[in-house]
Amino acid sequence: MKKEISALLNEQITKEFYSAYLYLAISAYYQEAGLTGFASWYEVQAKEEEEHAMKIYGYLHDNGETVELGALDAPKVSFSDFVEPVKAALEHEEYITDAINNIVAAAIKANDYRTVSFLQWFVDEQAEEETNANDMLQAVEFVQDDKAALFSLNKSVGKRND
(Lines give C-alpha, C1' and ligand atoms only; values in the text may rest on other atoms or scores of the structure.)
Protein backbone atom coordinates (compact mmCIF):
# COMPACT_ATOMS: atom_id res chain seq x y z
CA MET A 1 0.00 0.00 0.00
CA LYS A 2 1.34 3.41 -0.88
CA LYS A 3 2.08 5.76 2.01
CA GLU A 4 -0.46 8.29 0.73
CA ILE A 5 -3.27 5.74 0.92
CA SER A 6 -2.19 4.54 4.35
CA ALA A 7 -2.08 8.15 5.57
CA LEU A 8 -5.56 8.87 4.20
CA LEU A 9 -6.96 5.74 5.85
CA ASN A 10 -5.34 6.70 9.14
CA GLU A 11 -6.90 10.16 8.86
CA GLN A 12 -10.25 8.50 8.19
CA ILE A 13 -9.98 6.50 11.40
CA THR A 14 -9.72 9.79 13.28
CA LYS A 15 -12.66 11.21 11.33
CA GLU A 16 -14.77 8.16 12.17
CA PHE A 17 -13.90 8.40 15.87
CA TYR A 18 -14.72 12.12 15.73
CA SER A 19 -18.07 11.16 14.22
CA ALA A 20 -18.71 8.95 17.26
CA TYR A 21 -17.66 11.79 19.54
CA LEU A 22 -20.00 14.21 17.73
CA TYR A 23 -22.91 11.80 18.01
CA LEU A 24 -22.23 11.32 21.72
CA ALA A 25 -22.37 15.12 22.12
CA ILE A 26 -25.67 15.19 20.26
CA SER A 27 -26.94 12.30 22.38
CA ALA A 28 -25.98 14.17 25.56
CA TYR A 29 -27.80 17.29 24.32
CA TYR A 30 -31.01 15.36 23.73
CA GLN A 31 -30.64 13.42 26.99
CA GLU A 32 -30.34 16.67 28.93
CA ALA A 33 -33.35 18.07 27.04
CA GLY A 34 -35.46 15.09 28.11
CA LEU A 35 -35.67 13.59 24.63
CA THR A 36 -34.30 10.19 25.54
CA GLY A 37 -35.40 8.57 22.27
CA PHE A 38 -33.25 10.94 20.25
CA ALA A 39 -30.46 10.47 22.79
CA SER A 40 -30.64 6.72 22.33
CA TRP A 41 -30.72 7.01 18.52
CA TYR A 42 -27.55 9.09 18.47
CA GLU A 43 -25.86 6.83 21.01
CA VAL A 44 -26.44 3.89 18.67
CA GLN A 45 -25.11 6.03 15.84
CA ALA A 46 -21.96 6.77 17.86
CA LYS A 47 -21.33 3.05 18.34
CA GLU A 48 -21.77 2.48 14.62
CA GLU A 49 -19.16 5.14 13.85
CA GLU A 50 -16.71 3.45 16.22
CA GLU A 51 -17.27 0.23 14.27
CA HIS A 52 -16.43 2.07 11.05
CA ALA A 53 -13.16 3.30 12.55
CA MET A 54 -12.29 -0.19 13.72
CA LYS A 55 -13.03 -1.64 10.28
CA ILE A 56 -10.39 0.65 8.79
CA TYR A 57 -8.06 -0.07 11.72
CA GLY A 58 -8.31 -3.79 10.96
CA TYR A 59 -7.84 -3.26 7.24
CA LEU A 60 -4.63 -1.34 7.81
CA HIS A 61 -3.27 -4.04 10.11
CA ASP A 62 -4.36 -6.81 7.73
CA ASN A 63 -2.27 -5.09 5.07
CA GLY A 64 0.84 -4.70 7.20
CA GLU A 65 0.35 -0.98 7.72
CA THR A 66 0.94 1.03 10.87
CA VAL A 67 -2.08 2.59 12.54
CA GLU A 68 -1.51 6.18 13.61
CA LEU A 69 -4.32 7.61 15.71
CA GLY A 70 -4.87 11.35 15.47
CA ALA A 71 -6.14 13.73 18.12
CA LEU A 72 -9.87 14.36 18.38
CA ASP A 73 -11.24 17.89 18.53
CA ALA A 74 -14.06 18.58 20.95
CA PRO A 75 -17.41 18.58 19.15
CA LYS A 76 -19.99 21.33 19.51
CA VAL A 77 -22.06 20.58 22.58
CA SER A 78 -24.62 23.37 22.74
CA PHE A 79 -27.37 23.90 20.24
CA SER A 80 -30.03 26.58 19.83
CA ASP A 81 -32.94 24.20 19.21
CA PHE A 82 -33.82 20.54 18.59
CA VAL A 83 -33.26 20.86 14.82
CA GLU A 84 -29.68 22.19 14.92
CA PRO A 85 -28.02 18.93 16.05
CA VAL A 86 -29.79 17.00 13.31
CA LYS A 87 -28.61 19.53 10.72
CA ALA A 88 -25.08 19.20 12.12
CA ALA A 89 -25.30 15.42 11.77
CA LEU A 90 -26.36 15.65 8.11
CA GLU A 91 -23.60 18.15 7.32
CA HIS A 92 -21.09 15.89 9.03
CA GLU A 93 -22.23 12.83 7.06
CA GLU A 94 -21.82 14.81 3.82
CA TYR A 95 -18.28 15.71 4.96
CA ILE A 96 -17.52 12.02 5.66
CA THR A 97 -18.89 11.04 2.25
CA ASP A 98 -16.53 13.53 0.62
CA ALA A 99 -13.63 12.16 2.65
CA ILE A 100 -14.39 8.56 1.62
CA ASN A 101 -14.77 9.60 -2.00
CA ASN A 102 -11.38 11.34 -1.86
CA ILE A 103 -9.73 8.17 -0.56
CA VAL A 104 -11.39 6.11 -3.30
CA ALA A 105 -10.13 8.58 -5.93
CA ALA A 106 -6.61 8.44 -4.48
CA ALA A 107 -6.70 4.64 -4.39
CA ILE A 108 -7.82 4.47 -8.02
CA LYS A 109 -5.05 6.87 -9.01
CA ALA A 110 -2.55 4.67 -7.13
CA ASN A 111 -3.93 1.50 -8.79
CA ASP A 112 -4.72 0.19 -5.29
CA TYR A 113 -7.79 -1.81 -6.25
CA ARG A 114 -7.77 -3.82 -3.04
CA THR A 115 -8.42 -0.59 -1.15
CA VAL A 116 -10.99 0.49 -3.73
CA SER A 117 -12.80 -2.79 -3.15
CA PHE A 118 -12.56 -2.40 0.63
CA LEU A 119 -13.91 1.15 0.47
CA GLN A 120 -16.96 0.15 -1.59
CA TRP A 121 -18.63 -0.87 1.68
CA PHE A 122 -18.04 2.66 3.01
CA VAL A 123 -19.37 4.25 -0.18
CA ASP A 124 -22.57 2.22 0.19
CA GLU A 125 -22.73 2.91 3.93
CA GLN A 126 -22.42 6.66 3.38
CA ALA A 127 -25.37 6.61 1.00
CA GLU A 128 -27.38 5.02 3.81
CA GLU A 129 -25.98 7.41 6.43
CA GLU A 130 -26.90 10.48 4.39
CA THR A 131 -30.39 9.12 3.71
CA ASN A 132 -30.94 8.43 7.42
CA ALA A 133 -29.62 11.86 8.43
CA ASN A 134 -31.76 13.59 5.80
CA ASP A 135 -34.86 11.62 6.81
CA MET A 136 -34.28 12.54 10.46
CA LEU A 137 -33.88 16.21 9.54
CA GLN A 138 -37.09 16.22 7.52
CA ALA A 139 -38.98 14.55 10.36
CA VAL A 140 -37.67 16.92 13.04
CA GLU A 141 -38.31 19.99 10.90
CA PHE A 142 -41.84 18.75 10.22
CA VAL A 143 -42.72 18.35 13.92
CA GLN A 144 -40.50 21.01 15.51
CA ASP A 145 -43.35 23.32 16.53
CA ASP A 146 -45.68 20.53 17.66
CA LYS A 147 -44.61 19.21 21.07
CA ALA A 148 -46.96 16.23 20.92
CA ALA A 149 -45.62 15.21 17.50
CA LEU A 150 -42.03 15.74 18.70
CA PHE A 151 -42.75 13.52 21.71
CA SER A 152 -44.20 10.85 19.41
CA LEU A 153 -41.20 11.04 17.07
CA ASN A 154 -38.91 10.85 20.12
CA LYS A 155 -40.58 7.57 21.17
CA SER A 156 -40.35 6.21 17.64
CA VAL A 157 -36.65 6.95 17.08
CA GLY A 158 -35.85 5.59 20.54
CA LYS A 159 -36.72 2.10 19.33
CA ARG A 160 -33.59 1.95 17.17
CA ASN A 161 -31.20 -0.70 18.45
CA ASP A 162 -28.83 -1.34 15.53
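Setting aside neighbours within four places in sequence, Y30 is in contact with L35, T36, F38, A39, Y42, F82, P85 and V86, contact being defined as heavy atoms within 4.5 Å. The model is predicted, so that local features require pLDDT of at least 70 and side-chain atom pairs count only at pLDDT 80 or more, whereas totals for chains, interfaces and linings use all residues. Residues are numbered from 1 along each chain as its sequence is written, and side-chain values use heavy atoms, with hydrogens and water left out.

Y30 also belongs to the largest nonpolar core, which has 25 residues. A nonpolar core is a set of buried Ala, Val, Leu, Ile, Met, Phe, Trp, Tyr and Cys residues joined through side-chain atoms within 4.5 Å; buried denotes under 20% relative accessible area, exposed over 50%, and partly exposed in between (1.4 Å probe, protein chains only). The residues with the most contacts inside this core are I26, Y30, F38, Y42, V86, M136 and V140. At least two of its residues come from each of α1 (3–32), α2 (36–62), α3 (84–109), α4 (113–143) and α5 (147–157), the helices being DSSP runs (H or I, at least four residues) numbered from the N terminus. The greatest contribution is that of α1, with six residues. A second, separate core comprises 19 residues, among them A53, V67, F118 and F122.

Helix α1 has 30 residues and reaches 44 Å from its first C-alpha to its last, close to the expected 44 Å, a span calculated as 1.5 Å times one less than the number of residues. Just after α1, G34 adopts a positive phi of about 85°.

In the unreviewed UniProt entry, the annotation "binding site" covers E16, E49, H52, E93 and Q126; such annotations may be inferred rather than shown by experiment, and the positions follow the numbering used here. These residues span 111 residues in sequence, yet no two of their C-alpha atoms are more than 12.9 Å apart, so they gather at one spot. From this set, E93 is included in the lining of the largest cavity. A cavity is a set of points on a 1 Å grid over the protein atoms alone where a 1.4 Å probe fits but cannot get out, and lining residues have an atom within 4 Å of a point.

E93 is located in helix α3 and is buried, with a relative accessible area of 1%. Beyond its neighbours within four places in sequence, E93 is in contact with Y23, Q45, E49, Q126, E129, E130 and A133. Q126 lies in helix α4 and is likewise buried, at a relative accessible area of 2%. With the same exclusion of neighbours within four places, Q126 is in contact with E93, I96, T97 and I100.

Notes. 1 Å grid on protein atoms, 1.4 Å probe; cavity = no way out; pocket = protein on both sides within 12 Å on 5 of 7 lines; lining within 4 Å.
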